Structure formats: structure tokens, C-alpha cells
Amino acid sequence: MSNSMYNKMWHQTQEALNSLLDKESQHMTEPQRNQVFIFQTLATFYIKYVQIFRNLENIYDQIVHPQKRILIRKILDGVMGRILELKNEMVELELTEFHYFDDILQDLKLAPQQLDIPIPKYFLKEKLEAIRGREKILAQILAEGGLDVPNGKTTVKAMPLEEAVKLIQVAERARQGRLRAIFMKQIYLQEYRAKQARILGEQVADAGAAALRIQKVWRGFHQCKKTEREREEEMVFLGMNPPPHFDEVSPTMKQAERVGHLRSETQMKHEERYREALVAIKSDLQLIEGPDIKESLQDQIRHWFIECRNLTGTFPNYPDAEDGGSAVIFSNKTPEQVIDDILTNQDDEEKNKKKKKEKRKTKKEKEKKGTKEKTKEEDEVWKMSPSVFLQSLQEGNNLYKDMWMNKDESWNFLQEYDPELIKQEKRKELESEIRIQVDELMRQELKNLKLAVNKEKELPVKEGRKKGKKKGKKTKKGKRGKKDKDLTADRTIESLYKELVEEGLLIQSLKVNLSDYIGSAAVHEKAPLVKSLLLAGPSGVGKKMLVHAICTETGANLFNLSAANIAGKYPGKSGLQMMLHVVFKVARQFQPSVVWIEDTEKTFYKKVPNAEKLNEPKRLKKQLPKILKLLQPNDRILIVGTTQRPFDAELQSFCKVYEKIILVPRPDYASRYVLWKQIIQRKGGVLTKALNISCLAKVTDGFTQGHIVEVIKDVLTERRIWQQARKPLTAGEFITAITSMSPVYKEEEDCFKDWYAKTPLGKKQALSLTIGGKEKEKAKGKKKGKKEKKRK
């Protein structure tokens with residue numbers, strides 16, 4: 001796709017965003033009572049923002065203009081934040097983490113796939129070198145320590161020479177034996193044919209009969225192949241079978257991938273040239289325009305001194321550097337406007353004093369009357385909560401309209417940086433830098449003027465006040481310093497990183513892909529903050545894999561603070577404090593980070609089993625709530641717990657630590673069908689008509705992803721994969737293997753549902769259903785009463 005196509009795509013996306021922002025501003029002010037209508041409004045906005053996000057993410061990844069990318073990134077972060085806000089609104093409205101958009105998707109004429117949220121490619125692209133470097137260091141530390149390397153990789157051990165010779169001899173003798181067996185078989189067949197010829201005698205066959213027999217065999221074979229081909233074509237036509245070469249990657253896709261790589265290279269070149277231009281253009285402006293800017297600023301400030309003296313009778317007080325200096329007075333104002341402001345300020349001060357007194361009286365009276373009425377209305381009426389991201393989205397949209405919407409770029413075919421835009425930006429930057437120097441000079445000039453004209457002197461009271469303020473600030477900093485005491489101030493972050501790896505607290509994550517995880521630094525600071533997440537579900541549903549996928553897609557470090565993993569490490573209270581300090585210090589330094597607590601119910605046991613008392617599983621119970629309080633919005637650290645038995649934990653403290661609780665269910669029919677199909681192919685299996693995937697998916701109802709993977713591993717041995725050419729795979733082979741496993745029974749699934757009903761969100765959901773049910777019953781009762789009256 002060319003530059004013009006991506007530009008066109010951007011303009012279309014911006015138009016969609018502009019219309020959506022207009023609709024949002026209308027609905028923000030409109031109060032609503034109908035819950036169904038409210039959810040449909042939120043869901044429609046959510047789906048439309050997802051479409052905009054998908055387009056912007058693709059545009060940001062492929063567009064090569066460096067200045068456009070800065071604006072697109074700002075809007076992209078805003079859109080991501082708004083998606084999270086709307087999701088949060090829907091959760092609070094429906095009191096569930098899962099929502100159904102089927103009707104809205106039909107109305108908007110969208111496919112379910114278009115609701116998928118892709119992971120922004122820049123998550124990994126922008127810090128690829130840092131992640132690779134970190135992986136190398138981690139692998140090196142693991143190798144030096146002789147620790148087990150994950151991902152199924154095994155270390156190669158050295159073999160003694162005698163054993164190696166014996167191994168080679170055994171292999172060579174086996175090879176010779178196989179060759180000898182083939183030769184003996186050939187000799188046997190030759191002798192057998194000669195014997196048969198002697199018995200039958202040398203009979204000269206009729207050429208016509210022989211030709212007829214060959215023709216029969218050939219025609220039969222040809223017709224069979226033709227029938228098979230026609231049947232296959234019919235099945236493809238009916239949509240029962242995929243077309244030929246369906247799974248193969250098309251040449252156009254390969255070409256698009258190559259072009260994508262070239263575009264990313266061009267992006268990097270343009271970014272480098274843009275950075276170089278920022279420095280070069282600024283230095284040129286400093287040489288050429290710097291002296292003129294300095295002179296004009298000095299003239300402007302002198303004019304202000306004189307006019308202020310003429311109008312008020314005294315020279316003005318010069319603003320402090322901390323307050324912004326002369327920029328406070330002259331920001332986007334002409335000298336004439338500044339003079340008008342001086343005159344209006346004098347009149348306004350007197351008027352404001354009178355108005356404030358009147359307002360205080362009226363406010364108190366209104367508050368007394370309005371409080372009772374408001375409380376009743378607020379309970380019934382729903383309004384969309386204020387957004388943190390809409391303002392930044394509006395700013396980004398306005399910037400697009402002013403700067404790029406109608407810009408003529410016919411001269412910039414290669415989509416490199418625009419020097420005029422850099423000049424505008426750097427002029428402002430240069431002016432603010434020169435203003436600081438000018439302010440110092442003009443402060444001294446004002447002092448001299450005051451001494452010469454009015455013989456005024458500066459009062460020492462202001463300095464005293466300033467000093468007092470500074471002292472106050474210092475004391476505050478001192479208090480903060482005591483709270484956040486650094487226990488490892490004398491150690492480097494690299495040594496702490498190494499220590500955590502050697503102790504097994506910082507582990508290597510498995511390479512698992514995920515298709516529905518969002519977040520970024522800019523969004524994380526403002527969006528509804530989720531510090532902790534609990535994944536609960538039966539064994540084998542993919543809870544651990546989800547944790548590893550989060551780390552893979554975001555390039556996050558993985559810290560393992562499971563009860564079994566920290567047992568015996570950093571003993572005592574001081575040891576525990578040191579361990580948590582080191583973990584979260586390294587997690588902050590190398591963020592984003594995921595702190596994983598496997599079998600997290602053990603940390604919150606109601607009663608610790610005797611077998612586990614020595615391991616002290618409840619070590620983190622009191623510490624985790626404290627850690628959550630210390631985590632700030634700008635800390636991209638997520639605490640993730642996984643559990644198979646959440647009902648063993650003390651519910652109150654468990655739910656205090658984990659803000660979001662997600663039940664991971666066993667797979668449904670569609671999921672099982674995809675699992676069987678994809679994992680068989682991944683493990684080297686070949687799908688044929690003899691293998692009924694649909695049957696496998698139906699029979700394995702109640703079994704988890706873990707069960708399916710284990711069965712496929714057991715069946716698809718190296719020998720079985722080699723035999724597939726003459727003996728295709730059948731469903732029976734897998735069914736016999738799965739009979740030895742126990743599925744997730746209904747009773748176990750009900751235990752999870754009952755437990756979830758006791759959690760805060762589960763309680764709210766149950767309460768809303770009961771209240772809603774009562775209201776419906778009342779409404780039905782009223783309708784029946786009315787009908788009976790009419791009959792009478």
C-alpha cells in the first residue's frame with residue numbers, strides 16, 4: 001500500500017473520530033433512565049472506538065512521515081484510554097466482565113472478527129533492542145548458574161570418547177544390517193519369480209488380450225480418480241470443504257510482508273533525519289533570528305515598564321522565574337492588550353469583592369433547598385462519568401484539522417519531515433530560552449529604573465516568605481524519603497537483577513502469543529487503574545499460558561512470588577521485607593513487569609494444612625495490600641494470581657488484594673474444534689477425511705485445553721507421524737487415549753460459580769438480578785390488575 005493510501009485511510013479515520021466525538025459530547029449531557037438504552041449507547045461507542053483503534057494502529061505502524069506519527073500516537077493513546085473507560089462503564093452498569101454485542105454488530109454490519117483488539121505493534125517494536133538485550137543477560141545468568149532453561153531446551157552434556165565410539169559402531173552395524181536385509185529380500189523375490197515361471201511354463205500370451213486387460217485396469221483407475229476429483233469440486237462448491245491451497249500463504253501476502261519490512265526501514269531513516277533536523281534547524285534559527293528575538297523582547301518589556309508607570313503611577317513588579325517570568329504577561333498578547341489588562345484589572349478587583357459576598361449568601365440558600373431534590377434524582381438518572389481522555393482526543397482532532405486536514409503535500413512525495421513545522425516549533429522553544437536570559441537582564445534594568453526615578457528599594461519581606469516556603473518543601477521531601485527508604489542504595493540494579501534470577505524469583509516467560517491485550521504507558525497513567533488481576537478456573541484451561549502471553553506481547557519481566565517458589569528464600573521478617581523491596585525496585589526499573597503468584601489461594605489459606613506449614617505459604621498475606629497501596633498510576637506493574645481452588649482462601653482478604661476477578665471457563669464446542677485442529681497440525685499431524693474433528697470436539701465436552709494437548713502429545717509419537725502416509729489418523733486413536741482422563745464435572749464448575757457469587761462483583765450482580773426480578777413481578781402484577789378491572 002502506498003503513502004497516499006495510508007494518508008487517505010488516516011483522513012477517513014479522523015472523520016469517523018470527529019463524528020464520534022460530536023456524538024459523545026451530546027450524550028455526556030443527556031441523562032438517561034433506561035438501562036438497555038444506556039448499555040446500547042456505551043456498546044455502540046465502544047465498538048466504534050475499537051474500529052478507529054484498529055485503523056489507527058495499522059496507520060501508525062505503516063505511515064512514514066515522522067511528524068504525522070507523533071500526532072497519530074497521541075490520538076491512538078487517547079482512543080485506547082477511552083476504550084478502557086467505556087469497558088469500565090459497561091462493567092459497572094451490567095456488573096459482569098463479559099458483554100454480548102451481537103445485535104449492535106448486526107446493526108453496524110460488522111463481523112465478529114472486527115471486534116478483536118489487536119496488540120499495538122509498537123509495544124515491542126520501540127523497545128525491541130532493550131528486550132533482546134535483557135533476554136541475552138537472563139539466558140547468560142541462567143547458563144552461568146547451571147540453572148534449568150525453560151521452553152523445553154536441554155543443555156548438551158559432554159560424552160566420553162569410548163561411549164561415543166560405541167554409539168557410532170552400534171548405529172553403523174544397524175545400518176549395514178538394514179542394507180543386508182534389503183539385498184536378501186531382492187534375491188528371494190528373484191528366485192520366487194523364476195520358480196513360478198518354471199511351474200507355469202513359458203506361454204506366449206495373446207497381444208490383444210493383454211492390451212485389453214491393461215486398458216480395463218487403466219480406464220478403471222482413471223475413472224476412480226475423475227470421480228474423486230468431481231466429488232471434491234462439488235464439496236468445495238457447496239462450502240463443505242475448503243478450496244485447494246486454502247491454508248497456504250498467498251504470494252500477495254508475502255509481497256505485503258516484504259513491503260511492510262521496507263516501510264519500517266524507511267520509518268527509521270525518516271525518524272533519524274527528523275531528529276537531526278530538529279538540532280540543525282534550531283542552531284540555524286539561533287544564529288539568524290536569535291539576536292532579533294532578543295531585541296524585540298527587550299523592547300516589548302521596556303514598553304510595558306513605561307506604560308504601566310504612566311497609567312498607574314508606579315513601575316510594575318516583575319514576575320518570578322518560578323511563576324514563568326515575563327511569559328505570564330505576554331503569552332499570546334500584543335502590548336496594547338497588556339495595557340488594556342492593566343486598566344481592567346483595577347476595575348475588576350473592586351467589583352469582585354462585592355460579588356463574592358452576594359454569591360456566598362445565595363449559594364448557602366440554594367444548597368439547603370437543592371440537596372433533598374438532587375439525592376432523589378441522582379439515584380434514578382444515569383449520566384456518563386467524565387472522561388480523562390476526551391479532552392486529549394479533542395485536542396488531537398483539532399491539531400489534525402488545523403495542521404494536516406487541508407495541507408498541500410504535493411511537494412513531499414517521499415513523506416519526509418516538514419521543515420516549516422519544525423521552524424515554528426523551534427521558534428517558540430528558542431523564544432522561551434532567550435526570554436529567560438532577557439528576564440534576568442530586565443529585572444536588573446527595572447531595579448535601576450526604580451532607583452533612578454522613584455528611589456524605591458525592594459522590601460526584604462518577600463525574600464523571607466520565599467525562604468519559608470522553600471523550608472516547608474524540604475521538610476515534605478524529608479518525610480517522603482523516610483517512607484520510601486531504599487534498602488539497597490549501595491547496590492547496582494544489575495546486581496539485584498542477577499540476584500533475583502539466581503534465586504528463581506525472576507523467571508523467563510514462555511513465548512506465547514495473545515490477541516486481546518491493550519495498554520501502554522500513556523494510557524496506564526490515566527485509564528481506570530487495575531493493579532491486580534485474579535484468573536480462577538479448573539486445571540488446564542490456560543491460566544498460566546495467559547500470564548506468559550501477557551509478558552510475551554508487552555515485553556514484560558515475569559517475577560514468580562508463588563508460595564512454593566519463595567519457600568525458604570529470604571527467611572525472617574527482615575528477609576521478606578528485603579525480598580519485596582528488591583523485586584519491586586527491579587520491576588519498576590525494568591517496567592512493564594508482571595508479578596505472578598501461582599496457586600494464590602495458599603497465600604490466603606483459611607487453615608494451613610499440616611504438610612505445608614514448614615513452607616509458610618501465608619508469608620505475603622499482610623504484605624500484598626501494602627504493596628498495592630504503594631503502586632502509583634505511572635508504575636506499569638501488574639500483580640496476577642492464578643488459582644484452581646479459590647474456595648480454599650479467606651474470601652474477604654482475598655478480594656481486597658485482587659481488584660479484577662476473571663473466571664476462565666472450560667472450552668465450548670467451537671473452541672474445542674479449533675484446538676483439536678490446530679494442535680494436531682502443530683504437532684506434525686496431517687488432517688484427512690479419515691479424521692473427524694467435529695466428532696472429537698463433541699465427544700470431549702467437559703475436557704480442558706490441557707487434556708487435549710496431553711492426548712495429542714501421547715498419540716502423535718515420532719513413529720505415528722512417520723506412519724501417516726500409509727495409515728491416516730482417525731478419531732478413535734484420540735478417544736481411546738482420553739478415556740483414562742477425568743473431565744471437569746458439573747459439580748466442580750458449580751463450585752466456581754457459587755464462589756464467584758460471593759465476590760464483590762458477584763454479590764452486586766446477584767442483588768441487581770433479584771431487585772430487577774422483583775420490579776418485573778410488580779410491573780406484571782399491575783398489568784394483570786388493570787386487565788381484570790377492564791374485564792369487570
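Before we start, one term: two residues are in contact when heavy atoms of theirs lie within 4.5 Å. Also keep in mind that this is a predicted model.

**Helix 3 and its two partners**

Start with helix 3, which covers residues 66–94, and helix 13, which covers residues 390–403. Their axes come within 9 Å and cross at roughly 150°. Angles over 145 degrees count as roughly antiparallel, so helix 3 and helix 13 are roughly antiparallel to each other. The crossing of this pair is left-handed.

Which residues in helix 3 and helix 13 meet? On the helix 3 side you'll find L71, K74, I75, G78, V79 and R82. Facing them from helix 13 are L390, S392, L393, E395, G396, L399 and Y400. Sort the residues of this contact of helix 3 with helix 13 by class, and you get seven nonpolar, three polar and three charged.

Helix 3 also packs with helix 9, residues 251–288. Here the angle is about 100° and the axes are 9 Å apart, which makes helix 3 roughly perpendicular to helix 9. From helix 3, the contact uses P66, Q67, R69 and I70. Helix 9 brings Q267, H270, E271 and Y274. The residues in this contact of helix 3 with helix 9 divide into three nonpolar, three polar and two charged.

**Another pair: helix 16 and helix 20**

Now hop over to helix 16 (residues 493–502) and helix 20 (residues 572–589). Their axes sit 10 Å apart, and the packing angle is about 120°. That makes helix 16 oblique to helix 20. Helix 16 passes helix 20 in a left-handed crossing. Helix 16 supplies I493, L496, Y497 and L500 to the contact, while helix 20 supplies V582, V583, K585, V586 and Q589. By class, the contact of helix 16 with helix 20 has seven nonpolar residues, one polar and one charged.

| Helix pair | Angle between axes | Axis distance |
|---|---|---|
| Helix 3 and helix 13 | roughly 150° | within 9 Å |
| Helix 3 and helix 9 | about 100° | 9 Å |
| Helix 16 and helix 20 | about 120° | 10 Å |

**Stops in the loops**

Q724 sits in the loop between helix 26 (718–723) and helix 27 (731–738). Is Q724 buried or exposed? Buried counts as under 20% relative accessible area, and Q724 has 9% relative accessibility, so Q724 counts as buried.

What does the side chain of Q724 reach at 3.1 Å? It's the backbone oxygen of G684. A polar atom of the Q724 side chain also lies 3.3 Å from the backbone oxygen of I721. Leaving out residues up to four places away in sequence, Q724 touches G684, G685, V686 and L729.

Next up is Q415, in the loop between helix 13 and helix 14 (419–454). Q415 isn't a glycine, yet its phi is positive, near 60°. With a relative accessible area of 3%, Q415 is buried.

Finally, look for D599 in the loop between strand 4 (593–598) and helix 21 (623–630). D599 isn't a glycine either, but has a positive phi of about 45°. The relative accessible area of D599 is 24%, so D599 is partly exposed.

How values were computed: Residues numbered from 1 in each chain as written. Predicted model: local features only at pLDDT ≥ 70, side-chain atom pairs only at ≥ 80, totals over all residues. Heavy atoms only, no water. Axes fitted to C-alpha atoms, helices over the stretch in contact; angles between N-to-C directions. Helix = DSSP H or I, 4+ residues; strand = E, 2+ residues; numbered from the N terminus. Parallel < 35°, antiparallel > 145°, perpendicular 65-115°, else oblique. Left-handed = near helix turned anticlockwise from the far one by under 90°. Nonpolar A, V, L, I, M, F, W, Y, C, P; charged D, E, K, R; others polar. Buried < 20%, exposed > 50% of the residue type's maximum accessible area, 1.4 Å probe, protein only. Polar contact = N/O pair within 3.5 Å; in protein donor to acceptor, adjacent residues only side chain to side chain.
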